[in-house]
2 protein chains.
Amino acid sequence: MIHYETDRQEGRLWLKESGFSPDFELKTESVFAQCNGYMGVRAAHPLSLVNENRGMFLSGAFNRAYEDEVTELVNCPDVTWMGLIVNGEEICPDRTELVSCERKLDLMTGELQINYQFRLSLGRLIQIQNRRFASRDDRHLFVQDFKVSFLDEKAGEIRLKTGINGQETNSGVSHFNKVDCRVYDRERMEMRGELKDNSVTVLTQCSVKSGTLRTKDFKLCRRGIYESLTVAVDRKTEAVFEKITYMNQMEDEEKQKERENILANASKSGYDILFQKHERVMRDFWSRSGLKIEGISQEEEAAIRFAQYHIQGMTPWHTDKSSIAAKGLTGEGYKGHVFWDTEIFLFPSLLYTYPETARNLLKFRYLGLEGARKKARDYGFAGAMFPWEAAKTGEEETPLYAALNIYTGKANKVWSGIKEYHVTADIVYALNQYYEATKDQEFMNQYGYEMAFEAAQFWATCARWDEKKEKFGIYDVIGPDEYTEHIDNNAYTNYMAAYCVKIAYAYAEDLKKQNPRLYMSMDRKFQLQRRMRDWESFLKNIYLPSPGEDGIIPQDDTFLSKPCLENIEKYKKSQIKQAVLLDYSRDEIVNMQVLKQADVVMLLNLFPHLVGEEYVRKNVLFYEKRTIHDSSLSYCAHAQACAVIGAMDLAEEFFDKCLVVDLDDNPYDSTDGIHSASLGGIWNCLIFGFAGVHYEGDVLYIQPHIPDRWQSMEFQLTVAGQDIRFKVTNKTVELHTEELLSCPLRVKAGEQEYLFKDSLKAVISLEMERQKEVV
Amino acid sequence: MIHYETDRQEGRLWLKESGFSPDFELKTESVFAQCNGYMGVRAAHPLSLVNENRGMFLSGAFNRAYEDEVTELVNCPDVTWMGLIVNGEEICPDRTELVSCERKLDLMTGELQINYQFRLSLGRLIQIQNRRFASRDDRHLFVQDFKVSFLDEKAGEIRLKTGINGQETNSGVSHFNKVDCRVYDRERMEMRGELKDNSVTVLTQCSVKSGTLRTKDFKLCRRGIYESLTVAVDRKTEAVFEKITYMNQMEDEEKQKERENILANASKSGYDILFQKHERVMRDFWSRSGLKIEGISQEEEAAIRFAQYHIQGMTPWHTDKSSIAAKGLTGEGYKGHVFWDTEIFLFPSLLYTYPETARNLLKFRYLGLEGARKKARDYGFAGAMFPWEAAKTGEEETPLYAALNIYTGKANKVWSGIKEYHVTADIVYALNQYYEATKDQEFMNQYGYEMAFEAAQFWATCARWDEKKEKFGIYDVIGPDEYTEHIDNNAYTNYMAAYCVKIAYAYAEDLKKQNPRLYMSMDRKFQLQRRMRDWESFLKNIYLPSPGEDGIIPQDDTFLSKPCLENIEKYKKSQIKQAVLLDYSRDEIVNMQVLKQADVVMLLNLFPHLVGEEYVRKNVLFYEKRTIHDSSLSYCAHAQACAVIGAMDLAEEFFDKCLVVDLDDNPYDSTDGIHSASLGGIWNCLIFGFAGVHYEGDVLYIQPHIPDRWQSMEFQLTVAGQDIRFKVTNKTVELHTEELLSCPLRVKAGEQEYLFKDSLKAVISLEMERQKEVV
């Protein structure tokens, strides 16, 4: 199932690649990356390989190189490369005799270890160990060490060459318009690269901690600065090099002297002490976010920890000026852009464990409001139309045209940036989740109301009257399922739009009552009174596709009238993603009942009580049959939905699949970065699906359907300001808080409802029989 | 001596690398490059290596990526890469068991052949042959084939992936602001890359000439388009792929349809026929330029052919809008810029074999006059000050500042662009050589006079009056020797300046007499009358350092008063270039009698009759003792000078050294391109040095001093419009022309002078005893 081995040792849980696997190089570089939410460093071998793609990404370091390129997350200068010459012989994994090789990632701390044994041409065995981590204690620090020793315990000479390589590009596109290099005190190398509206500074120091330093030279080359250290070792010592790198950007610029001091101190502390400090922060992370599942296999645990490690690694803990990219900080894929993935797939896990960070993600969207307003204006709407792809600002970053069609020479229009309206409601959905779960009135007053009012106004102005239906409809959109395009009244879109407008209306009403002064001021700015009339009319007349006689909510106006794709099982089972497009044209696919990914099912995940339980079940099963799961967003969504309806065989099948989206043995997947949304979806499936938790309208719903092989799930969520510990089985729900409740909590577990007032320490027995899955 | 093997076979002369030599990869890529004067393609292995640097350069395709970068020759999209999967196994020289490997360049045609045998993991042996050449028949065509066969003659399946890779950069700097890809007729892939003021189009077609095509797919990626061809072979056939590439630029843009037709036709013709056409042009080249030396070793011949092959490959035969770069078209070194190397080191071989091409090189400088005028104005002078480094225009391309000093953080000023004045005289020297050798009055009228008048005016205005000397001096310059800087009255510079002004004055006088109308018009434009007065005064008063009592021409005002560098032999013998800078600071070096390269010796090479024979000998020997030869321009200059004075031991020693400047066993040299000037210098040494030919003032001087091991040298030179065949020994000179002389020719062979009027078929016996070398 998982391509990598797992190994638990002394509080660590390793994901391990044994042996030298150049075919998996690009995938493993992504999967094993060191990320701390500020920086992400691909886990490339220190020694050069033919097929490698080193990458260092800094949260928020975007640039647009040319007018015809898009704004993208810049591949920053590399500090991981190492050139090694032992007794005059250059060591190269592709050529030197490799006796053994392992690369492993500790999921608990994100530490990477790479160990090699090589046999030199004269027969001597050497051992190399390289360790690295991106510090959570000081987000600017990237820490590495290299240990080189002779296994025959004779003396020898080791030359290490390492430095800062500013020649890295994003697939051939360079971003730094200027690169300057320095050496301070013959100790620290610095490279400063200028972007159009930012700069990146890399300061690095490589110290010899063991062995006798013989020579030390610095060398400048174009966009690169390197240090060459020759160290002699006698028969008992090993050569130990520690390389500590401090990275920052203009926006968190510290004075050069301060940077140097931090680095000098870090260098004095050394790897082990810096690692202890980092580990402390990671322990806190796990104590807040970790899940304890009785009966779980080590492999399953590793896959879940993997998801959480990477969520940790992609989350901008430090700022509200960045958000989470579709590939986190692990690769160039999707150019580091932010999609609905963030608010719908990743936001929940943060909201319920680090609400202050969830707040930052919303604030990022607020800071992008100007861009969203501009986008709405550009398309003839009012209010704010959030970008389908965002980078650093709220501007739409989806290119209008993709590369030319190579056969026709015509430019392919990219419709997602224009037609995937739903992101504007997805953000407000997250906003309201946040408000419900935190009651953060200050955020609402300062940012949240404005976001909702502007989003709602977009929806009110983009709907059009349908004479036949005598309803407002939303036309020519793309819903979550990208195998249907240019469709009318996509159920997901219409329901989400209605939700957004309803929420905004309720906010405005509340505001009028609770904070008339703010209401007045917002009314002046946004003509709230007039808007509320629009919204009322919208809400009264918006067409919300309801289940037909068969109980099925039509995905859009025409979906149910299209023919099914025969032989869909072939594509569902195919190892190749989007294999269906090899047999059918895109136009043919658009005209069939075939989904790339969850669509109505997504809607039901967000609103599990939208329709009656039986309808939910029917729709989930109906649409699953028609879904190929060709998007990495699909398995997790279906796993969650199937768990909610208790269709456990399907739930477990999909859960197993989503667990290995980045970890399976397909070497061509994840090469340009891990799949952030799917990793978020694993958490959602665990908590919302298996544990059956749902918080809505001040009610905490719990209806567990956990796999038979698990006895219980334990975890902690922060709901309405309370840190609640959960322990659920299929028969019981235990809840407790350490402190007294700051406000009463209503809980509906199974069929029963409870109100907790002062303290929460409850064991609730679920009367209801667990539903056997029905497929 | 030569790191490579040589091998003569069926009219071919191969330079061969046997075995897989990754250490020499970058050097061999330069040395074995395919160049036809329009394109240059580095001889990288088709299969990927760890340490490779693919390069494709088009004459004149320059770009400046960022304000803080210089204009440079763009590394164009690569078409040499090949991915090979045999029976499902990827072939990689670094990893797959390599049974044998050879790479070889045919110096007669520039064809490259790379042959491998690999053993697959299951034990089967395969053989791969890759051939390529850049066509001289159609300069836009780059032709490759790949043959893959199983040596066990069983059936198998071969998958070849190849295409156009636009991700290449110049050491991390990308140049194309836009890249579009197309496929025509599922046959031809096209990539078009936009530069700021040019564009490069690459059209390529890969055909299967043997084997059964099973699948054929095209794939677009960022800045790349690839084709994947799967071919089945039975036990008797091999798979043969031919990949033909057509490259052009905006300035020689042909309509897409025309391009396609040329490529389609070329593809139909196939490798062998295209090669025959190319070979025909190369045969013509050799019949005009080739030297026949009796007694020469195969290695020596190979090194000379190597020089001539690359001169052929770097010469822009097709245009007067490009010139010759310091690294030809073989690498990124010196950014593809044009230095004095072109006019002083490379121009002569073209002038005497392809005078029409020599004309193009001068025209290139004429087209750059505007830039040269601007440079003169910028520095407060009149006339034209030619750029020390030129790219596509006459603008100075030497950066004002180099990279920061890494230790001090201060910018290093680059003085060569500001202070190496002499290039402005070097160009006029070449111009007058051209005029003397061709009598091309039309060129002079249209371009030549203007160049000379403008250059002379620069010299007249940059000289300053020296009260003490009561002479004009030229102050604060850098002469050819770059180990002295900011010196006054560099002998080379002053003599060349005086020559330039003298020539211009003579031109003006001539013009006045021969073509009063043109004189009048130029007088209006350039105030010739006034200028001639300036020039007269300049010529009367310019300080020309004459030999002192010891017969030595002082290199500059202070040189002879400085201490000598003790222990200079250590650095002369050092394998490491510029090793002296490891022991001494640049300031210390500047204050010693130590030369990086020929300076006064260069002057004497250009004017062998400047001073009496004995003075020449003294100066050559005096300065050689003080020269480390740390520049690749030095050995050839000294070899020539020593041959002229008959110091044959030294001449041969330096000649041997200059023959291997690109071919010796130093893997760190020539990695960023071959050394153009040194290659030109080899020819100069052969013709001007050993054969002792010198044409000046309508007299053809011949005074051979050929190495003892050679019996005779035969070659053809075009002098004054006559193709003259020479055969020289140390005792005789044979001259003859096929046709009647169009004008009389004065010849001075040894001490005797002859005048040939109608026909030239002479065997001249040299009475003089050959001088034994005296050192």
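Contact here means heavy atoms within 4.5 Å. The model shown in every view is predicted.

**View 1. The interface between chain A and chain B.** By that cut-off, 44 residues of chain B touch 44 residues of chain A. Together the two chains bury about 3,600 Å². Carbon and sulfur atoms account for 52% of that area. Three residues stand out on the chain B side: Arg222(B), Ile406(B) and Tyr407(B). They supply 21% of the area that chain B buries against chain A, more than any other three residues. Of the interface residues of chain B, 100% are also interface residues in chain A, so the copies meet through the same surface.

**View 2. The axis relating the two copies.**

View 3. An unreviewed UniProt entry places the domain "Glycoside hydrolase family 65 N-terminal" at residues 17-246 of chain A. This span is 53% strand and 3% helix. Its end C-alpha atoms are 28 Å apart. UniProt, again in an unreviewed entry, assigns residues 305-684 of chain A to the domain "Glycoside hydrolase family 65 central catalytic". Here the make-up is 53% helix and 3% strand. The end C-alpha atoms of residues 305-684 lie 14 Å apart.

**View 4. The second largest pocket.** This pocket holds about 780 Å³ of space. Its lining counts 42 residues. Pro608(A), His609(A), Val644(A), Gly692(A) and His694(A) lie nearest the centre. Elements of chain A that give two or more residues to the lining include α5 (340-351), α18 (613-625), α21 (676-690) and the strands β26 (693-696) and β27 (699-702). By class, the lining has 24 nonpolar, 12 polar and six charged residues.

**View 5. The largest cavity.** The structure holds 11 cavities of 30 Å³ or more. The largest has a volume of about 220 Å³. It is lined by 21 residues, with Ile344(B), Pro348(B), Leu606(B), Gln640(B) and Phe688(B) nearest its centre. Among the elements of chain B giving two or more residues to this lining are α8 (423-438), α16 (600-606), α18 (634-644) and β26 (693-696). α4(B) gives the most, with six residues. The lining of the largest cavity has 14 nonpolar, six polar and one charged residues.

How values were computed. Residues are numbered from 1 along each chain as its sequence is written. Chains are lettered from A and ligands numbered from 1 in the order in which they are written. This is a predicted model: local features need pLDDT of at least 70, side-chain atom pairs count only at pLDDT 80 or more; totals for chains, interfaces and linings use all residues. Side-chain values use heavy atoms; hydrogens and water are left out. UniProt positions are given in the numbering used here, feature names are shortened, and annotations may be inferred rather than shown by experiment. Helices (H or I, at least four residues) and strands (E, at least two) are DSSP runs, numbered from the N terminus. On a 1 Å grid over the protein atoms alone, a cavity is a set of points where a 1.4 Å probe fits but cannot get out, and a pocket is an open set with protein on both sides within 12 Å along at least five of seven lines; lining residues have an atom within 4 Å of a point. Grid points are joined across faces, edges and corners, and a volume is the space filled by probe spheres set on the points. Ala, Val, Leu, Ile, Met, Phe, Trp, Tyr, Cys and Pro count as nonpolar, Asp, Glu, Lys and Arg as charged, and the others, Gly among them, as polar. Buried area is the accessible area (1.4 Å probe) that two parts lose on being put together, summed over both.
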